[in-house]
Amino acid sequence: MAEIVILPGSPDEAKAAAGELAADLIARVVRGKPDAVLGLATGSTPLPVWSALAARDLDWSRVQGFALDEYVGLPAGHPESYRAVITREVVDTLGLTPTLVHVPGDDGGEIATAGQRYEAAIAAAGGVDIQVLGIGRTGHIGFNEPGSSFASRTRVKTLTEATRLDNARFFDSIDDVPRHCLTQGLGTILDARALVLLAFGEAKADAIAGAVEGPVSASLPGSAIQLHPEVTVLVDEAAASKLRFADYYRYAWDNRPDWAHWS
Ligand code: F6R
């Protein structure tokens with residue numbers, strides 16, 4: 001089922017509430033499957049999810065993780081590499097077992113074949129049980145920029161200048177932001193058993209409207225979520241501001257059935 005939840009309140013209140021709801025979904029998976037496989041997003045959006053999860057009493061020792069993406073071309077150990085970010089923000093925060101958490105290209109092999117090896121590693125782990133997603137202004141999920149095939153698998157992509165500009169905030173200058181990345185494909189993401197997409201702020205409103213209500217199109221890669229049977233979208237009022245059916249989503253959430261997985 002697709003559930004669109006618009007969190008009311010101040011931006012901080014909405015982020016915290018979205019983090020708690022995403023944590024509810026992830027905690028359910030981890031309680032039911034101690035060696036669950038989590039799909040991990042980086043960036044600012046998922047931070048409230050990790051902090052909400054850190055406050056839960058869960059056994060993380062056998063939980064596995066697969067990051068969505070990684071820059072190509074940063075020096076090893078760079079603090080903004082997604083390997084470093086995932087270690088800092090997820091592995092250390094939750095107490096995951098470091099050897100069970102993977103980032104594309106982190107096995108030391110050739111970049112050209114890193115995507116295939118990553119796909120094989122995800123398959124060997126049994127597939128992703130629940131994938132956390134943010135969305136870029138370009139509509140990307142993972143780093144699948146406009147034009148990405150819905151059938152794509154993990155591979156090298158070129159970042160748009162808009163994404164490099166957005167991510168320049170993590171670097172000294174835009175010149176330091178890599179032009180290339182390794183990213184799970186849209187096909188890889190759609191194989192996860194459940195998706196949780198979070199977005200906050202007005203800058204994400206067009207991308208969210210396109211992803212949730214727009215035509216299913218490679219021009220807005222996030223619209224691929226419409227093809228998935230188990231998606232939860234958690235947004236604040238600003239990110240929801242261009243949703244045509246916002247009133248219905250609020251009504252459906254307020255009247256969610258007792259048997260729904262949230263109760
Ligand atoms: C990050 C990722 C990207 C981000 C997106 C939003 O691993 O795959 O799709 O989720 O660029 O970034 P933030 O959350 O920083 O706005």
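An oxygen atom of the ligand lies 2.7 Å from a polar backbone atom of glycine 142. The protein covers 93% of the 410 Å² of accessible area that the ligand has on its own. Accessible areas come from the Shrake-Rupley method with a 1.4 Å probe, and for residues only the protein chains shown count as cover. This is a predicted model, in which local features need pLDDT of at least 70, side-chain atom pairs count only at pLDDT 80 or more, and totals for chains, interfaces and linings use all residues. Residues are numbered from 1 along each chain as its sequence is written, and side-chain values use heavy atoms, with hydrogens and water left out.

A polar side-chain atom of arginine 169 is 2.8 Å from a ligand oxygen atom. For lysine 204, an N or O atom in the side chain lies 2.8 Å from an oxygen atom of the ligand.

Which residues come nearest to the ligand? Of the 14 around it, they are Thr42, Thr45, Asp69, His140 and Gly142. A residue is near a molecule if one of its heavy atoms lies within 4 Å of it. The shell divides into three nonpolar, eight polar and three charged residues. Here Ala, Val, Leu, Ile, Met, Phe, Trp, Tyr, Cys and Pro count as nonpolar, Asp, Glu, Lys and Arg as charged, and the others, Gly among them, as polar.

Now to serine 152. Its place is in the loop between β6 (130-133) and β7 (155-158). Strands (E, at least two residues) and helices (H or I, at least four) are DSSP runs, numbered from the N terminus. Is serine 152 buried or exposed? Serine 152 counts as buried because its relative accessible area is 8%; buried means under 20%, exposed over 50%, and partly exposed in between (1.4 Å probe, protein chains only). The side chain of serine 152 makes a polar contact with the side chain of arginine 155, at 3.4 Å. Such a contact is a pair of N or O atoms within 3.5 Å; within protein, one must be able to donate a hydrogen and the other to accept it, and residues adjacent in sequence count only if both atoms are side-chain atoms.

The helices come next. Alanine 23 sits in helix α1 (residues 11-32). Alanine 23 is buried, at 0% relative accessibility. Its C-alpha atom is 9.0 Å from that of proline 48, 25 residues apart along the chain. Valine 30 is also found in helix α1. Valine 30 is buried, with a relative accessible area of 4%. Valine 30 and aspartate 59 are 29 residues apart in sequence and 7.9 Å apart in space, C-alpha to C-alpha.

Serine 51 belongs to helix α2 (residues 47-54). With a relative accessible area of 46%, serine 51 is partly exposed.
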